[in-house]
Amino acid sequence: MGCSSIISCIQFSMWESESEAAAGREYGGGILTSTKHGVKIEGFHQRGNSWYVSADIPSDLQVQIGEANFHLHKYPLLSRSGKLNRILYDSRNPDLNKIAMDDLPGGPEAFELAAKFSYGVAIDLTAGNISGLRCAAEYLEMTEDLEEGNLIFKTEAFLSYVVLSSWRDSIVVLKSCEKLSPWAENLQIVRRCSESIAWKACANPKGIRWAYTGRAPKVSSPKWNEMKDSSPSRNQLVPPDWWFEDVSILRIDHFVRVTTAIKVKGMRFELIGAGIMHYATKWLPGLGNDAAIAVEETSINNGNNSSSSGSDGSWKGGLHMIVAAGTRDETSSLQAKDQRMVIESLISIIPPQKDSVSCSFLLRLLRMANMLKVAHALITDLEKRVGMQFEQASLNDLLIPCYSKSETMYDVDLVQRLLEHFLVQEQVEGSSPSRQQSLSDKLVGSSLNAKARVARLVDSYLTEVSRDRNLSLTKFQVLAEALPESARTSDDGLYRAIDSYLKAHPTLTEHERKRLCRVMDCQKLSIDACMHAAQNERLPIRVVVQVLFSEQVKISNALANNNSLKGGGVESQFQPIITNRKTLLEGTPQSFQEGWSTAKKDINTLKFELESVKTKYLELQHDMENLQKQFDKVMKQKHTSAWTSGWKKLSKLTKMTNVENHDIANHIPTSEEQNRKTTRRWRNSIS
């Protein structure tokens with residue numbers, strides 16, 4: 001077959017490949033034959049693991065590929081395979097009739113097609129067998145030096161003109177290359193398919209007309225023969241994540257190659273991150289399910305993972321492996337190794353931009369990385385990425401068990417490191433020159449809001465982990481004091497965590513309880529928290545007094561502010577609010593610490609005084625509201641009647657002026673009568 005006929009057949013195959021099923025389909029123009037063969041045969045037939053050629057000449061060569069045996073003739077094979085020629089020549093034995101080639105890429109299936117091609121039997125090239133046949137042709141050295149249009153030339157042309165022009169075929173071929181390493185890598189099949197997939201994934205979705213699978217709601221095990229043809233119609237909108245499901249069937253090393261090529265093509269980082277999350281959810285069982293994660297943790301810790309392995313030794317929803325007969329511990333260790341490889345590869349290809357993947361995904365990935373003991377450098381890099389968006393974390397994602405030999409239930413040291421990375425990132429962003437030049441009030445406010453959210457998150461985490469009796473006071477204190485004081489506007493959450501820690505650790509000494517309560521600022525407690533703390537017998541007496549004294553100072557300042565608003569001119573008799581904690585401690589009487597009995601009486605007295613002050617405060621507030629209503633009523637009346645009262649005053653003044661003028665007129669001479677009339681007319685006009 002000439003070069004022009006091959007191109008025409010390949011072009012016909014390109015047209016057919018866009019509409020046919022993905023796996024196992026036959027290309028109409030992809031039937032290859034060899035016109036030159038020296039043995040007339042009737043066909044190939046198989047008996048058990050052996051292949052025979054039906055010919056009038058008995059076979060004189062047996063080729064063994066694994067457990068399969070091929071009984072063939074020397075001349076057709078030697079005329080097209082340089083490898084077989086060299087083997088027979090190097091043996092120096094012309095009667096050699098058996099050759100073993102267990103390392104042939106593609107196995108017996110690929111050699112069967114190569115043997116049929118050598119005999120001139122028509123073979124069908126498909127996306128499922130082309131990669132194995134191309135590697136086998138390279139292994140057998142079926143080059144153009146032996147015959148024009150040999151197998152290497154024809155398989156290479158089929159790859160270049162048919163496979164790489166099709167979306168589905170490129171993925172099928174890349175999937176089939178998993179068993180052909182390193183031949184597929186050396187022949188650039190993996191690279192070319194990866195770049196072809198990347199180009200098509202980065203194409204404008206409006207111009208996509210090829211078939212794709214799309215994202216399915218539930219996927220158990222990716223099988224191409226179960227996929228439905230979902231080629232978009234002309235009026236159907238193609239989503240930007242249309243390529244996620246198809247690419248996610250690839251092995252992790254090939255997925256990394258495709259993702260790297262997509263990055264080079266310039267796809268948006270958030271879309272790349274979404275593709276990585278989709279792949280991780282599919283290949284890492286339990287990544288998005290707490291119950292499944294618990295099962296994985298138990299199985300790995302106990303060395304028994306039978307619940308996640310199928311009867312055929314394959315990993316459901318994950319890497320498909322062929323596991324030799326062995327114990328369950330060996331199966332579990334193999335699965336853990338493959339999962340570790342997936343996690344390490346995914347960490348290395350996550351885009352460096354913030355928010356490329358969600359913080360919840362990063363924390364779950366970090367949880368599995370610690371469980372599977374991933375490389376320390378990659379875990380550190382993952383922790384830094386979590387610190388970049390730590391304000392987006394949730395409490396459930398932070399409750400990561402401690403997989404080391406630590407006595408604590410949860411990994412508190414890990415959360416401490418994440419918090420440190422967050423603070424370092426905030427400091428770096430705030431001190432960078434570019435940020436200082438373009439920093440506005442809005443950015444400053446968002447930074448403060450982020451710290452406030454992290455403070456609430458840390459307080460909730462402390463409340464949860466404080467129930468662990470093995471949690472040391474030092475770890476609790478260090479984590480509670482890691483954030484600056486400006487991050488917390490209220491210490492109610494911190495008080496709840498302290499109270500929970502005191503409940504779980506009833507054997508703390510008085511000194512340890514005082515040390516624990518130092519992390520809390522009594523002035524930042526709400527009224528409800530103060531009322532609870534005043535009745536909390538677990539708190540040290542000194543802390544209770546500080547709470548009561550602080551609350552009394554707040555009420556006193558509130559009363560003083562109300563007096564100043566009334567404008568009575570009377571100076572407030574209360575002291576200004578105390579803003580320094582040291583001053584508050586110095587102002588606390590030492591007599592309150594002498595004994596529980598005396599202290600409780602003093603506390604009850606202070607409670608009674610506090611209630612009295614509150615009652616007076618409410619009465620004064622009620623009086624103030626009544627005065628304010630009366631004042632508003634008077635002001636409203638004055639405002640509405642000002643114009644009317646003005647006219648009334650003016651009319652009274654006019655009447656008085658007329659009476660006075662009448663009395664004066666009786667004493668005026670007659671010569672001035674005209675002037676008197678003029679004046680009267682003017683006055684009458686006014687009244």
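These are my notebook entries on a predicted model of one protein chain.

**Ground rules**

I number residues from 1 along each chain as its sequence is written, and my side-chain values use heavy atoms, with hydrogens and water left out. Since the model is predicted, I ask for pLDDT of at least 70 for local features and count side-chain atom pairs only at pLDDT 80 or more, while totals for chains, interfaces and linings use all residues.

**Entry 1: the whole chain**

I started with the overall tally. The protein chain has 28 helices and seven strands. Helices here are DSSP runs of H or I with at least four residues, strands are runs of E with at least two, and both are numbered from the N terminus.

Next I looked up burial. Of the 687 residues in the chain, 44% are buried. Buried means under 20% relative accessible area, exposed means over 50%, and partly exposed lies in between (1.4 Å probe, protein chains only).

The chain exposes about 37,100 Å², and carbon and sulfur atoms supply 53% of that area. Such areas come from the Shrake-Rupley method with a 1.4 Å probe; for residues, only the protein chains shown count as cover.

I also looked up contacts, meaning heavy atoms within 4.5 Å. Among contacts with a separation of 6 or more, 72% are between residues 24 or more positions apart.

**Entry 2: helix α22 and its partners**

I picked helix α22, residues 492–504. I checked α24 (residues 527–534) against it: the two axes come within 10 Å and cross at roughly 25°. Axes are lines fitted to C-alpha atoms, for helices over the stretch in contact, and angles run from 0 to 180 degrees between N-to-C directions. Angles under 35 degrees count as roughly parallel, over 145 as roughly antiparallel, 65 to 115 as roughly perpendicular, and the rest as oblique. α22 and α24 are therefore roughly parallel.

Their crossing is left-handed. That label applies if the near helix is turned anticlockwise from the far one by less than a right angle; clockwise makes it right-handed.

Which residues meet? Asp492, Tyr495 and Asp499 of α22 touch Ala529, His532 and Ala533 of α24. I sorted this contact into three nonpolar, one polar and two charged residues. Nonpolar covers Ala, Val, Leu, Ile, Met, Phe, Trp, Tyr, Cys and Pro; charged covers Asp, Glu, Lys and Arg; the others, Gly among them, are polar.

Then I turned to α23, residues 510–517. It packs on α22 at about 160°, with the axes 10 Å apart. These two helices are therefore roughly antiparallel. Their crossing is right-handed. Ile498, Tyr501 and Leu502 in α22 meet Arg513, Leu516 and Cys517 in α23. I counted five nonpolar, no polar and one charged residues in this contact.

A reminder to myself: most residues other than glycine have a negative phi, and most peptide bonds are trans.

Where is the cis peptide bond I looked up? It joins Ser181 and Pro182, with omega about 0°. Pro182 sits in the loop between α7 (167–176) and α8 (183–186).

Asp355 is not a glycine, yet its phi is positive, about 70°. I found Asp355 in the loop between α14 (328–349) and α15 (359–372). Asp355 is partly exposed, at 42% relative accessible area.

Lys373 also has a positive phi, about 60°, without being a glycine. Lys373 lies in the loop between α15 and α16 (376–388). Is Lys373 buried or exposed? At 59% relative accessibility, Lys373 counts as exposed.

**Entry 3: single residues**

Pro105 is in the loop between β6 (98–100) and α4 (107–119). At 6% relative accessibility, Pro105 is buried. Leaving out residues up to four places away in sequence, Pro105 touches several residues, including Gly132, Tyr139 and Trp183. Pro105 and Gly132 are 27 residues apart in sequence and 6.4 Å apart in space, C-alpha to C-alpha.

Ser50 belongs to strand β3, residues 50–55. Ser50 is buried, at 13%. Beyond neighbours within four places in sequence, Ser50 is in contact with His45, Asn69 and His71.

Ile57 is in the loop between β3 and β4 (61–65). Ile57 is partly exposed, at 43%. Ile57 and His73 are 16 residues apart in sequence, and 8.5 Å separates their C-alpha atoms.
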